[in-house]
Amino acid sequence: MSAVTEHVQPTGAVAGYRPGRTLRLTVELRRQFKRRRTIGAFALMVALPLVLIAALKLGASADAQANSRINLVDVATSSGLNFTLFVLFATTGFFLVVVYALFFGDTVASEAQWGSLRYTLATPVPRMRLLRQKWYAALVLAVGALLTLAAVGVVAGGIAFGFDDIQTPVGVTLGQGEGMLRLAGMLGYLAVHLLVVGTLAFWFSTITDAPLAAVGGAVFTTIVFSILEQVDQLGSIRDWFPTAFNYAWTDLLQSPVDSGDLFRGTVQSLVYSAIFTALAFRHFARRDVTS
């Protein structure tokens, strides 16, 4: 009897068991990187800039340049940095939304659907630690995908269009050093702002066993808010929508920079993300994980 009790802690756990050592982040990341959806998402991040370069090369005609509107596509071929800004502008509204929703919304619901979630908890991994590690892993993958998109855009765009300064649509020129710093700020803002759709999908992922429902629900909600944002009759209410400051990162192209919308967009995104994350942990703590 004494030999048995020597291997049991006062809490009832086996001697040597440490909750903080279960399901390390590196282990969860390795598991997620092996999944086909992760490989496919990163492959798309590499392929998209190359497809856009081909499209710009093929469309570089005199007729294509005859456009009375001034936007980032007009200066996309000025340099690799300009091309990267165009890629970010083209993907902010939908493509990156889907990527964030995919990594956050699929992480819990997919394992619940497969039936492996309860076995992970029986390892035993503390329930809140399990959810926290999955949140961290989803964040690393989502931000990694964003950085991959930007890195491929800079390198491939530089090879195709040159490594020159940034030429803004309004005629402002930014040197390469300053341009890279501002690009880093834009990526930082997008990484935080897109957390809104990511954490919303994460919350949905703890509610349903269907990954498609979690991912699609977050994307659909974002699209609805984007549509409502176009309704002028809603007035200042639109400023409180999660999508209100989607393109505030373009303010970093100004000289001097107007940081008002950037600051409000960052704070608002963090508040929404904290709320959705708290709801996810609250629901998962009470969930009967039987699937």
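This is a predicted model: local features need pLDDT of at least 70, side-chain atom pairs count only at pLDDT 80 or more; totals for chains, interfaces and linings use all residues.
Local features were taken at pLDDT of at least 70 and side-chain atom pairs at pLDDT 80 or more, whereas totals for chains, interfaces and linings use all residues. Residues are numbered from 1 along each chain as its sequence is written, and side-chain values use heavy atoms, without hydrogens and water.

Phe220, Val224, Leu228 and Val231 form a nonpolar surface patch of about 310 Å². Such patches consist of residues with over 30% relative accessible area and no salt bridge, with nonpolar side chains (Val, Leu, Ile, Met, Phe, Trp, Tyr) joined within 5 Å and like charges within 9 Å; a salt bridge places a side-chain nitrogen of Lys or Arg within 4 Å of a carboxyl oxygen of Asp or Glu. Areas were computed by the Shrake-Rupley method with a 1.4 Å probe, and for residues only the protein chains shown count as cover. Val231 lies in the loop between helix H11 (211-228) and helix H12 (260-286); helices are DSSP runs (H or I, at least four residues) numbered from the N terminus. Val231 is partly exposed because its relative accessibility is 32%, the classes being buried under 20%, exposed over 50% and partly exposed in between.

Val192, in helix H9 (residues 176-193), is likewise partly exposed, at 22% relative accessibility. Beyond residues up to four places away in sequence, Val192 touches Thr266, Ser269 and Leu270, contact meaning heavy atoms within 4.5 Å. Val192 and Thr266 are 74 residues apart along the chain, yet their C-alpha atoms are separated by 6.6 Å.

Thr38 belongs to helix H3 (residues 36-58) and is buried, with a relative accessible area of 1%. Apart from neighbours within four places in sequence, Thr38 contacts Gln32, Phe33, Phe103 and Leu141.

Notes:
Helices (H or I, at least four residues) and strands (E, at least two) are DSSP runs, numbered from the N terminus. Buried means under 20% relative accessible area, exposed over 50%, partly exposed in between (1.4 Å probe, protein chains only).
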